[in-house]
Amino acid sequence: MGDRSVLVELGDEISPQVNRRVREFSIALMESPIEGIVEIVPAYRSFLIIYDPLKLTLATIKSRMEDLQKKIKEIEIPEPKTLEVPVIYGGKYGPDMEWVADYHKMGVEEVIRLHTGTTYQVYMIGFMPGFPYMGELPQGLGTPRRETPRTVIPQGSVAIAQRQTGIYPVESPGGWQILGRTPLKLFNPLHSPPALLEMGDLVKFVSIGEAEFKQWQS
Amino acid sequence: MAVVEAIEVLSPGPLTTLQDVGRFGYARYGVPPSGALDTFSLRAANVLVGNNENEACLEITMFGLRIRALRDVAIAVTGGDLRPFLNDTPLSMWTSLILKKGDTLSFKGLKDGCRSYLAIGGGLFLDEILGSRSTNLSSGFGGLEGRLLRKGDVLSSNSPHLHLKAKGRCYPQDLIPRYRKQWHLRIIFGPQNDQFTQEGKNTLLNSPYQVRHQSDRTGIRLSGPLIERMPEVQESIISEGVISGAIQVPGDGQPIIILVEIVTGGYRKIATVITADLALLGQMKPGDMVTFEEISLNDAYETLQEMEERIKGFKKKISINA
């Protein structure tokens, strides 16, 4: 892309397998960094290498990627971490819960059961600092985005759109359907790393009540 | 090192933030670079007052900032011409000068370009967050408490008295960009250019586009002839990393040039503005017209290298004279 980045594509679909390969390659590249690489941005099926064109040429990066491709099987990649994310579902914390339940002609309890019943893979952190795009929602819970996006979504809102689920790290506008809220802080610029989740991590939601939510917050 | 109060904000204007060259290395956590939109002008302002090129400056958008010096400080104003005045007199841009204690500096309104950069000799004393002093407004960190400047804010500097000798330096005339209402940007096609029709690509190269009012530090929205995509491809793509200068085309066929506040996007990109022309993006304002020209990767590198050599040449010259 342009004269200072190259997009490395490892597949053309959203799938846990393709995404795992993206994770392997980007970690392998980060562990043996090349002088002049400014950023590596892993996403669903690709990663973007941003470089300083005054320090590094495209040819050097390309040959490095070819080396890496040959050696990738021998490089030890750490296992992704698994995190339990507590969520208070519905009510004022999940203003779209009723709509989603009606849309699928099921009860709120069933929506919660489905949402907490799957382990999700973080496909990408993007859109805003710390926002995890996670998949894949069970078939029965795939839901379109809101027709009218909300102008204000509170920090920690847990939401779904199509076959994905995500968490809003700070208050922002957005169009996803909000099911609940987590007391966890997804992004803190003073921490290292600044985001609670990294691309490739595994996430399981756990339903909590009001008392426990307040406890987490204090 | 002595940190002292340098200037006080009397009136902030609609959008004045503190920015350096940007925040890098955290895109994989969704953290965008932020930073000055016109890094060329930011670097020039810093060089003029004897700072490191990367010091934070005030980025003033369109008009309205008014400050008062709390002590004698060296300053330089670069970038777009927002009609800066020192007390009641027009101030020379691209030149270092001294603000005496009690002097006021005000930006009366837009003449050329869109953003001015004000450097203080000694830089601005701010916490570095994730490796940068740049303000990230949407997540609220960096700069001064992650927010716009306000009336009454006091900005401090490191030993500004050591920079008072840096006065009367002028940036070479031939290095100062000319800001017009018509812009010409050089691009390299890709990464999804093959998902546009030949006609779509020709449209981009042969049509003038106008900068829309809904433009901000996230992106410059353009309006003009529709850029046609291949009939079989969908409106959006699977989201991926993006860089500033990338030209994305959403479903409505109207291009958006991505700027510095996002790291991922789900629209296909037809082309990317070359690095040497990125600084110009910070000076384009609503109503301006823009045309695009394709150049080769090699020409893009050569253009960038030439530009950097000239900046280096000027830095060398002033360090000999200092």
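Which are the buried residues of α1(B)? They are B:T39, B:F40, B:S41, B:L42, B:R43, B:A44, B:A45, B:N46, B:V47 and B:L48. Buried here is a count: 20 or more other C-beta atoms within 10 Å of the residue's own, against 12 or fewer for exposed and partly exposed in between, with C-beta atoms placed from the backbone. Helix α1 (residues 39-48) of chain B has 10 of its 10 residues buried, so the rest of the structure largely encloses it. After α1(B) comes B:G50, with a positive phi near 80°.

Some housekeeping. This is a predicted model, in which local features need pLDDT of at least 70 and side-chain atom pairs count only at pLDDT 80 or more, while totals for chains, interfaces and linings use all residues. Residues are numbered from 1 along each chain as its sequence is written, and chains are lettered from A and ligands numbered from 1 in the order in which they are written. Helices (H or I, at least four residues) and strands (E, at least two) are DSSP runs, numbered from the N terminus.

Now chain B as a whole. Chain B has 4 helices and 20 strands, and its C-alpha trace spans about 65 × 40 × 35 Å along the principal axes. Of its 322 residues, 51% count as buried. The radius of gyration of chain B is 20 Å, which agrees with the value near 20 Å for a compact globule of 322 residues; it is taken over C-alpha atoms, and the globule rule is 2.2 Å times the number of residues to the power 0.38. Among contacts in chain B with a separation of 6 or more, 77% are between residues 24 or more positions apart. A contact means C-beta atoms, placed from the backbone, within 7 Å.

Next, the domains. Chain B is assigned domain 1 (3-175) and domain 2 (182-302), with bounds from an automatic or database domain assignment. Their C-alpha centres lie 29 Å apart. Where they meet, 19 residues of domain 1 of chain B contact 13 residues of domain 2 of chain B. On the domain 1 side, α1, β5 (73-81) and β10 (112-120) of chain B each supply at least two residues. That side has 7 nonpolar, 10 polar and 2 charged residues; Ala, Val, Leu, Ile, Met, Phe, Trp, Tyr, Cys and Pro count as nonpolar, Asp, Glu, Lys and Arg as charged, and the others, Gly among them, as polar.

On to chain A. Chain A has 5 helices and 12 strands, and buried residues make up 40% of its 218 residues. Its C-alpha trace spans about 55 × 35 × 35 Å along the principal axes. In chain A a closed barrel of 7 strands runs β4-β11-β8-β9-β6-β5-β12, with mixed pairing; strands pair if DSSP finds at least two bridges between them. Within chain A, β6 (residues 132-135) and β9 (residues 164-167) pair in the antiparallel sense over 3 bridges. A:M134 has A:T165 in β9(A) as its bridge partner.

Last, how many residues does each chain give to the contact between chain A and chain B? Chain B gives 37 residues and chain A gives 38 residues. On the chain B side, β15 (240-241), β19 (268-273) and α4 (297-321) give two or more residues each. The most come from α4(B), with 6 residues. By class, the chain B side divides into 20 nonpolar, 13 polar and 4 charged residues.

How values were computed:
Contact = placed C-beta atoms within 7 Å.
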